[in-house]
Amino acid sequence: MLKNYFKTAWRNLVKNKSFSLINILGLSVGISVCFIIMMYVMDELSYDRFNKNADRIVRISFKANMNGGKINEASVMPPTAQTLKYDYPEVEIATRLRDYGIPKVILNDKKFNAGRLAFVDANFFSVFTFQFLQGDPANALQLPNTIVITEEMAKTYFGNQDPIGKTLKFNNDGDDLYKVKGVFKKLPSNSHFHFDMLASMASLPEAKSTSWMQSNFYTYLLLQKGYDYKKLEAKLPDMVEKYMGPQIMQAMHISLSQFRTKGNELGFVLQPLTDIHLHSINSFELEPSGDIKYVYIFGAIAIFMLAIACINFINLSTASASKRAKEVGVRKVLGSGKWELVKQFLLESVLLAFMAILISIVFVQLALPVFNSLSGKNLQSALRFKNITSLLLLGLFVGIVAGIYPAFFLSSFQPIAVLKNKLRRNVKSLSLRSSLVVFQFFISVCLIVGTIVVSQQMKFIQNKKLGYDKEQLLVIPNSYLLGSNEKVFKDELLKDPRVVNATVSAYRPAGPTNSNNSMLYPDGDENKLIRTLRYDVDEQYIPTLGMSMVAGRNFSKDMSTDSSGVIINETAANTFGWGDKAIGHTLTWMNDNSGGKLSLHVIGVVKDFNFKSLHEAITPLIMVLQPESGLIVKIKTADVAGLLSSMKQAWASYKTEEPFTYAFMDDLYNNTYLAEQKSGTILNIFAALTIFVACLGLFGLATYTAEQRTKEIGIRKVLGASVSQVTGMLSKDFLKLILIACVLAFPVAWWAMNNWLKDFAYRIHISVWVFVLATVAVIVVALVTISYQAIKAALANPVKSLRTE
């Protein structure tokens with residue numbers, strides 16, 4: 001019996017070639033997109049879950065509201081870990097990490113500038129799961145000046161030699177040598193941090209600090225099994241009162257309660273380790289985070305794409321029911337029961353789905369490298385056993401879901417009515433097909449609106465006036481390697497006529513940058529303590545970056561008092577309550593490094609400029625005259641290649657043993673929004689594929705509609721109907737459905753994209769023309785799809801269609 005089912009199923013699929021081709025192509029595209037997105041979603045949701053105790057690990061973050069300025073930071077104060085461990089028994093282990101960037105490594109008089117370094121507590125490996133290839137993780141970092149490295153770094157530094165016991169020297173740590181005590185395997189890509197070297201926290205003097213006024217330690221807690229972290233979070237205000245309160249009183253001469261009556265707040269929040277990648281809203285994350293919204297968006301696209309492909313099968317199966325009606329009637333007369341027919345039709349559906357699976361494996365294999373490039377992922381080949389098994393299960397599911405309604409619909413025909421050719425047009429089936437077509441184009445219109453809005457927002461970001469000129473700015477981030485020759489190198493560059501200006505500063509408004517925060521209060525009023533970002537610059541910073549002064553003046557070499565001067569942005573002037581009269585006021589800077597207070601006098605106000613992502617509003621910022629190594633060079637547009645060649649030669653003359661590296665500020669700016677740009681591109685591709693699959697179904701329906709109305713078309717032509725009239729008659733019913741889909745889709749699309757835009761502090765407003773363009777686009781695509789069959793039917797010879805009457 002099963003063999004007979006397969007024979008019949010195969011015979012019907014071959015017999016109805018157009019039906020089979022449309023469905024196989026639609027299902028294969030739908031399954032391919034769904035599977036790729038499923039792999040992406042699973043990868044995003046898997047972050048940090050490789051850790052053995054992932055469900056028990058939380059990170060503590062700093063949260064504050066100071067004079068209206070909201071602060072959410074991933075790092076906390078040095079004593080936080082020890083305090084939590086000793087005061088709260090539910091905390092089994094508390095460990096810290098201090099990011100140290102990419103240091104300059106000196107080994108046997110050779111200099112390396114490779115590998116990211118962090119300092120961690122000795123118990124770090126008791127919390128996180130690391131695979132050690134050499135050394136004992138339990139005691140590898142117990143002593144100061146010890147370090148563990150990845151196997152890649154071991155090969156880079158020591159070749160084939162055994163690295164254990166060898167020493168590394170970092171240029172920014174004087175003569176301290178770090179002994180290699182272990183080699184570990186690089187963490188998997190789905191970790192929220194990646195480091196090539198981990199050194200003992202005991203090596204850092206600041207790790208022993210008891211100050212609750214600075215935060216630069218990432219702190220993780222291993223909680224007791226089954227303990228609800230929310231209970232511990234509820235106790236954290238007590239820690240603020242007990243430890244942070246007295247230091248605030250000492251620094252500001254007011255109690256914590258008085259500080260809070262001013263509308264301020266300080267506190268901590270706990271975040272599960274597995275939530276960090278997708279749910280973090282903190283600044284100063286160790287690596288760029290993902291966004292749960294994109295997981296939802298792409299997940300919805302996968303479901304809808306598969307649904308549209310299944311709808312095609314349902315619509316085409318029910319629309320062509322008349323072709324299978326006599327077969328059903330004969331089978332029933334010969335003794336076939338309803339369930340035998342249901343099994344037959346379901347088997348055809350599953351067989352067709354598995355044929356689509358074979359094609360989708362090829363599609364996925366070809367598309368994965370492109371998707372990985374766009375998404376920055378490293379998803380594995382579709383030919384792996386696990387992936388093929390998932391695809392087969394997906395095919396079985398799709399076959400059953402797509403075929404279940406047509407199977408029951410076709411098997412419900414009454415044999416007498418069928419064999420007497422009195423099969424009536426099923427109004428319910430027609431209504432269902434119309435509803436499903438509306439749903440298909442509802443999704444298509446939503447995606448078209450989404451792609452237009454994303455494209456417009458990205459264009460807005462590209463063209464927005466930022467308050468500085470990002471064009472033709474050359475950034476040389478590692479100029480610190482020149483040491484005392486950095487200024488000499490800068491002066492040499494300024495002699496080149498292709499160079500407009502240059503400034504020494506490691507602070508950049510776009511891309512990777514140094515970052516410092518300062519606690520300040522205006523005019524001696526400690527009740528107005530505000531935390532601001534601080535830029536350490538020289539007197540050429542503002543003119544080099546093309547910034548504008550709205551009041552006062554820039555720093556000057558000729559003014560010795562500028563060492564205690566400060567330039568603030570407009571937002572800072574307004575936050576301090578000075579408005580346009582900021583010049584001459586003073587700011588008291590609570591200097592964490594010196595432990596004292598410095599009085600700064602305001603000499604200028606710089607026009608607000610965007611120094612963070614456009615997701616965030618401009619916040620208070622100050623500039624002080626204490627340049628930190630790093631060069632930014634303003635160049636002319638002519639002969640850029642020649643200038644870069646000259647720079648490389650000049651750099652080589654200083655024998656730094658490090659290559660000349662550079663970046664353009666506009667590229668750094670664009671890279672800030674790389675995730676949105678890539679997501680926008682992926683959305684465009686998925687939207688196009690969704691519309692393609694929807695149009696496949698529309699094409700099939702138009703074909704069957706034209707076939708069913710062949711005699712009607714013949715009569716109309718005999719009575720004088722033109723080709724355009726016949727084409728319009730066949731098209732208008734579909735266009736009505738598409739217009740209904742547009743009307744339903746617009747409010748949903750507006751709501752969804754408006755919510756997406758809320759993530760940007762600076763954004764476009766969704767205009768009416770977006771919806772007009774989406775309507776025109778979907779109608780044009782639909783007309784092109786329908787018109788072929790409509791015109792073909794309209795041009796057919798009416799004699800042939802009426803010959804049987």
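Colleague: Is Phe 193 buried or exposed?

Modeller: A residue is buried under 20% relative accessible area, exposed over 50% and partly exposed in between, with a 1.4 Å probe and protein chains only. Phe 193 has a relative accessible area of 3%, so Phe 193 is buried. Phe 128 is buried as well, with 3%. This is a predicted model, where local features need pLDDT of at least 70 and side-chain atom pairs count only at pLDDT 80 or more, while totals for chains, interfaces and linings use all residues. Residues are numbered from 1 along each chain as its sequence is written, and side-chain values use heavy atoms, leaving out hydrogens and water.

Colleague: How many aromatic pairs does the structure hold?

Modeller: Rings of Phe, Tyr and Trp (its six-membered ring) pair if their centres lie within 6.5 Å; planes under 30 degrees apart are stacked, over 60 edge-to-face, and the rest tilted. The structure holds 38 aromatic pairs. One of them joins Phe 128 and Phe 193 edge-to-face, at 5.3 Å centre to centre and 80° between the planes.

Colleague: Which residues are in the cluster that ring pairs link?

Modeller: The cluster consists of Phe 124, Phe 125, Phe 128, Phe 130, Phe 132, Phe 184, Phe 193, Phe 195 and Tyr 220.

Colleague: Which residue lies over the face of Tyr 762?

Modeller: A charge sits over a ring if NZ of Lys or CZ of Arg is within 6 Å of the ring centre and within 35 degrees of the ring normal. Lys 464 lies over the face of Tyr 762, 4.7 Å from the ring centre. Arg 98 lies over Phe 217 at 5.4 Å.
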